[in-house]
Amino acid sequence: MNLRLTKFQKQLCNLLQKGLPVCRRPFAEIAKGLNCTEKEALQQTNRLKELGIIRRFCAIINYRILGVTGTLVAAHVPEENLTEVVEAVNSLANVSHNYRRVHYYNLWFTLQAQTPEHIRLMLSNLSGRFAIDFHSLPVRNVFKLNVRFDAESKEAGEGGLLQDVETRPKDKEIELNENEKLILSKLQDDLDITAEPFDFLANAGLSRKDVLRIITELVDKAVIRRIAAIVDHRKLGFVANVLFAGEVPQERIVQAGKRLARFAIVSHCYERETFENWPYNLFAMMHAQSMGQIQHVVNKFAEGEKIKSYQLLPTAAELKKQPVRHF
């Protein structure tokens, strides 16, 4: 459902996806950029939450820097087993996203763990339980990671995604102290939309000033990418959502990945490992108002990079979308 928003609500939605300023009264700072009052910014933010445009407000974590590994998993699940398998996959706290796709490989989910061996063990357990092959496709290269949707875009085609976000998160592992872990744990919850949303983190041992300092340090260390609104892109009009998988020769994968990442329609772009009878190594998530817009971009990219073999896997159903909690 595409909801009608005012111009102000659209501008606010974009700013909230960019992230809250790390300060005592972040909505006052946002209000300055919108030429409104803090009260108006808070009221309209709460309205966007009521409408379901904003799913939640939380810290977006760079899990790789915490020493966590992740993968994308594909499986062909017979229709008669689908409900049971989905329930089992969704029950795993390590699974953040799970989608049914229109393809022979109809179930795709993301899985995180402390080690690759732990991932192999979880997938082995699922395979043994359901007599189904679960194929792991870990990342080899990150070309883009940019999940922000332009609420002001009239055409959610090539111009529909906001572009000024880092393309590759830092992945050199760092150690956090106990106060950093405590703050990071609490910032993964859905924050209350109030004038002073970080005050609840202060306690007998940490002053408000300490809290803001620690959050700033976590951002500077690239542990927290931003503290921002997560939106329901379908309610903004992005109703066509497709996983693209292309077969690209290894000597051209970086060039092709960087080119594909430049399309605004692309939110994620990775090189991934392959498996038997699946030669596709370049992956991208694409979002638009129509399949025609997506096909236009795919045709343009495939022609420019001479990609002869690719698969398009439209999203049939969102089965789970819940960040994995850390600490």
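Colleague: Which residue just after α7 takes a positive phi?
Modeller: Helices here are DSSP runs of H or I with at least four residues, numbered from the N terminus. This is a predicted model, where local features need pLDDT of at least 70, side-chain atom pairs count only at pLDDT 80 or more, and totals for chains, interfaces and linings use all residues. Residues are numbered from 1 along each chain as its sequence is written, and side-chain values use heavy atoms, with hydrogens and water left out. With a phi of about 70 degrees, the residue just after α7 is alanine 222.

Colleague: Thanks! How far apart are the end C-alpha atoms of α7?
Modeller: Helix α7 has 13 residues, 208-220. The expected span is 1.5 Å times one less than the number of residues, so 18 Å is what α7 should cover, and the distance in the model agrees: 18 Å.

Colleague: Within what arc do the buried residues of α7 fall?
Modeller: Buried means under 20% relative accessible area, exposed over 50%, partly exposed in between (1.4 Å probe, protein chains only). In α7 the buried residues are Val211, Leu212, Ile214, Ile215 and Leu218. They line one face of the helix, because, going by directions from the helix axis to the C-beta atoms, they fall within an arc of 160 degrees.

Colleague: And which side-chain partner does serine 96 have in a polar contact?
Modeller: Serine 96 counts as buried because its relative accessibility is 6%. A polar contact is a pair of N or O atoms within 3.5 Å; within protein, one must be able to donate a hydrogen and the other to accept it, and residues adjacent in sequence count only if both atoms are side-chain atoms. At 2.7 Å, the partner is threonine 110.

How values were computed: Helices (H or I, at least four residues) and strands (E, at least two) are DSSP runs, numbered from the N terminus.
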